[in-house]
Amino acid sequence: MALVGLASCHTPKTALSVKSGADSTTNEVAYPDAVEYYEPARMKYSDEVYSDDIKSVQLHAAEWVFGPPVIWLEKQNQLTLSFDELTDNKKDYYFTFILCDAMWNPVDLPQMDFIDGFSEDPITSFQFSVNTLVNYVHYSVSFPSENMKPKKSGNYLLQVYYNDGDEKKTVITKRFFVAENIVGIKSEIKMATNIELRNYQHEVDFVINKSGVDIVDPYRNLTVILQQNGRTDNMITDLKPKLVKGDELEYNFESGNIFDANNEFRHFDIKSITYNTDRISSIQRKDGLFHVYLKTDYRRPYERYLSEEDINGRLLIKNDDGKDSDLESEYVWVHFLLSYDAPLTEGSVFIQGAFTQWGYNERYKLNYDYNQKGYADSLLLKQGYYNYQYVYLKDGETAADASYIEGRHSETDNDYTIYVYYREPGELFDRLIGLQTVNS
């Protein structure tokens, strides 16, 4: 797929203390004495960034930037975490693992039961940015290592923190998976069987072969979860086998295993800030910082489907004009505008993609601008290529609707992941005994 970018939102309160709305031009560069962090008791067991100084958080397979955050238990292949902190000074960061069940609740087990080695490890690799307008420190770490490795399969939360006296200050939590390959998964992604929905939805049918493991009661002890791209709000978590034939468990339904196909992701390319790429209206330098103005976005639920290569919501940090993208890439204000005649009154519009951690943090919530007649705001983003989409989250709901703004077409390319968990009788955690990602 082509590698090239993304959206704007509520202006983040960065360490840069930059005042920048959709039309603002004031940038006061001043690092504050203190940064607000979430209290440890409020830590979420999801992908979250708890400090506005922390940017460009990525967790992926060590050998490929687009590789999923999956460690295969027998191979102990490595994952790489990287992030920036907008500051002139280095901190002593540490990380640890937290074992969770299939529904991402923490498991009540001592760490020595699921971690081989130390219970925490320092992040020792750090470098300062080079010749950038916004100063930052770039951190990275790969794991498992000789010091710390997971012993059980399942869902894990990576917690990154520093010690402030006797208190841990959490700055990042990221989900990753430790999987066993002991069940076979044969899957098919197709248009919905329901005639009325076949042009709009994808159906995920699959068969699990359990010959490699003795599953006592697949209806009670097996948990199967379906995920679309990197989203966590619309995952399907309540599937039970439709039919059991010997070692084969069939999950072939006409409802319950369907997703809105939505549309190809929007993009923008800021790998270079010396010229305008296809989605950029203008690039300006104001008060010592770069501002990138994207072309106006429009609703497209009633437009015909157009095939366009995307990276299914991911991002790529890249500076085409430098030698080291990690250290030489600028942070620039990216300004977004989604044309809308009037504000929506029963919900909110968010930008969504890997760079937003796929969640609904207030910093990625768009504000309605009556002067520009649309949802407009800006984000401070590192140079690269971004995918994004606009989603509508109704008040009181937890799953957003992407089709309301983006449309839905069965021709759309999406990634679907099937997770197969098994809880043995008497155990407190769920083994991840099978995992497969397929493209529609």
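Select D84 to begin: D84 stands opposite H138, a residue of strand β9, in a predicted model where local features need pLDDT of at least 70, side-chain atom pairs count only at pLDDT 80 or more, and totals for chains, interfaces and linings use all residues. Residues are numbered from 1 along each chain as its sequence is written, and side-chain values use heavy atoms, with hydrogens and water left out.

Now widen the selection to β4 and β9, which run antiparallel and are joined by seven bridges. Strands here are DSSP runs of E with at least two residues, numbered from the N terminus, and two strands pair if DSSP finds at least two bridges between them. Both belong to an open sheet of four strands in the order β2-β4-β9-β8, with antiparallel pairing. Its edge strands, each pairing on one side only, are β2 (54–61) and β8 (125–128). From one strand to the next the twist averages 15°, taken between axes that are lines fitted to C-alpha atoms, with angles running from 0 to 180 degrees between N-to-C directions.

Next, pick F83 and Y139, an aromatic pair that is stacked, at 5.1 Å centre to centre and with 15° between the planes. Rings of Phe, Tyr and Trp (its six-membered ring) pair if their centres lie within 6.5 Å, and planes under 30 degrees apart count as stacked, over 60 as edge-to-face and the rest as tilted. Because F83 lies in β4 (residues 79–85) and Y139 in β9 (residues 137–143), the pair ties together parts that are 56 residues apart in sequence. Both F83 and Y139 are buried, a word used for under 20% relative accessible area, with exposed over 50% and partly exposed in between (1.4 Å probe, protein chains only).

Move on to Y340 and Y375, which form an edge-to-face aromatic pair, 5.7 Å centre to centre with 80° between the planes. Y340 is in the loop between β24 and β25 and Y375 in strand β27, so that the pair links distant parts of the chain, 35 residues apart. Y340 counts as buried because its relative accessibility is 8%, and Y375 does so at 4%.

Then show the open sheet of five strands, ordered β21-β22-β24-β27-β26, where the pairing is mixed. The strands at its edges are β21 (280–286) and β26 (367–369), each pairing on one side only. Between β21 and β22 (residues 289–294), which run antiparallel, there are six bridges, and Q284 stands opposite H291 in β22.

Which residues have the most contacts inside the largest nonpolar core? They are F268, V334, F336, F355 and Y390, in a core of 32 residues; such a core is a set of buried Ala, Val, Leu, Ile, Met, Phe, Trp, Tyr and Cys residues joined through side-chain atoms within 4.5 Å. A second, separate core of 30 residues includes L59, L99, V137 and F429. Ring pairs link F268, F336, F355, Y364, Y386, Y388 and Y390 into a cluster.

Finish at D297, in the loop between β22 and β23, which counts as buried because its relative accessibility is 4%. Leaving aside neighbours within four places in sequence, D297 is in contact (heavy atoms within 4.5 Å) with R266, R279, L337, L338, S339, Y388 and Y390. From D297 to L99 the separation is 198 residues in sequence and 41 Å in space, C-alpha to C-alpha.
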